[in-house]
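Hi everyone, and thanks for coming. Let me put the sequence and the model up on the screen, and then we can walk through it together.

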Amino acid sequence: MAVSADLAKLLDKDYQDKSLEEIADAPVAALAGVSERAAQHLKDALGIKTIGELGRSPYFRAARAIADLADAK
């Protein structure tokens with residue numbers, strides 16, 4: 001299944017031309033709209049330091065699944 005996304009809308013300018021592997025290893029603050037302070041809160045609360053860790057987090061995956069199920073109802 002092919003998936004596409006406009007990375008320019010999802011990332012800060014410094015990360016828009018990086019490979020997916022580099023983006024996954026980038027700090028959470030590289031996501032557009034995520035401040036350094038918010039990224040620090042994620043690190044302090046859940047140990048999440050990178051975009052890849054955020055996307056693979058069991059907490060966020062569970063929340064996404066619940067939200068999807070609620071939206072499909």
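To get our bearings, where is the place of histidine 41? Histidine 41 sits in helix 3, and helices here are DSSP runs of H or I with at least four residues, while strands are E runs of at least two, both numbered from the N terminus.

A word on ground rules. This is a predicted model, in which local features need pLDDT of at least 70 and side-chain atom pairs count only at pLDDT 80 or more, while totals for chains, interfaces and linings use all residues. Residues are numbered from 1 along each chain as its sequence is written, and side-chain values use heavy atoms, with hydrogens and water left out.

Now the overall picture. The protein chain has 5 helices and 0 strands, so read from the N terminus by the helix and strand definition, the order is α-α-α-α-α. Its C-alpha trace spans about 40 × 35 × 20 Å along the principal axes. The accessible surface is about 5800 Å², and 56% of that belongs to carbon and sulfur atoms; such areas come from the Shrake-Rupley method with a 1.4 Å probe, and for residues only the protein chains shown count as cover.

How much of the chain is buried? Of the 73 residues, 22% are buried, where buried means under 20% relative accessible area, exposed means over 50%, and partly exposed lies in between (1.4 Å probe, protein chains only). As for contacts, meaning heavy atoms within 4.5 Å, take those with a separation of 6 or more: residues 24 or more positions apart account for 17% of them.

Back to histidine 41. Its relative accessible area is 48%, so histidine 41 is partly exposed. Histidine 41 and aspartate 71 are 30 residues apart along the chain, and their C-alpha atoms are separated by 28 Å.

Let's stay in helix 3, which covers residues 36-46, and look at leucine 46. Leucine 46 counts as partly exposed because its relative accessibility is 37%. Leaving aside residues up to four places away in sequence, which residues does leucine 46 touch? They are His41, Tyr59 and Phe60. Leu46, Tyr59 and Phe60 also make a nonpolar surface patch of about 310 Å². Patches are made of residues with over 30% relative accessible area and no salt bridge, with like charges joined within 9 Å and nonpolar side chains (Val, Leu, Ile, Met, Phe, Trp, Tyr) within 5 Å. Leucine 46 and glutamine 16, for their part, are 30 residues apart in sequence and 26 Å apart in space, C-alpha to C-alpha.

Move along to the loop between helix 3 and helix 4, and you'll find threonine 50. Is threonine 50 buried or exposed? At 17% relative accessibility, it counts as buried. Setting aside residues up to four places away in sequence, threonine 50 touches Ala24, Asp25, Ala26, Pro27 and Val28.

One of those, Asp25, turns up again in a negative surface patch, together with Glu21, Glu22 and Glu53. Glutamate 21 belongs to helix 2 (residues 20-24) and is exposed, because its relative accessible area is 57%. Glutamate 53 is in helix 4 (residues 51-56), and at 31% it is partly exposed. Across the chain, there are 10 positive and 12 negative charges, and their mean positions are 5 Å apart. Here Lys and Arg count as positive and Asp and Glu as negative, without His or the chain ends, and each charge is placed at NZ of Lys, CZ of Arg, CG of Asp or CD of Glu.

How many salt bridges are there? The count is 1 salt bridge, taking that to mean a side-chain nitrogen of Lys or Arg within 4 Å of a carboxyl oxygen of Asp or Glu. Aspartate 68 pairs with arginine 64, and their closest N and O atoms are 3.1 Å apart. Both lie in helix 5 (residues 58-72), 4 residues apart, or about one turn of the helix. Aspartate 68 is partly exposed at 36%, whereas arginine 64 is exposed at 55%.

Leucine 7 is partly exposed at 27%. Not counting residues up to four places away in sequence, leucine 7 touches Gln16, Leu20 and Ile23.
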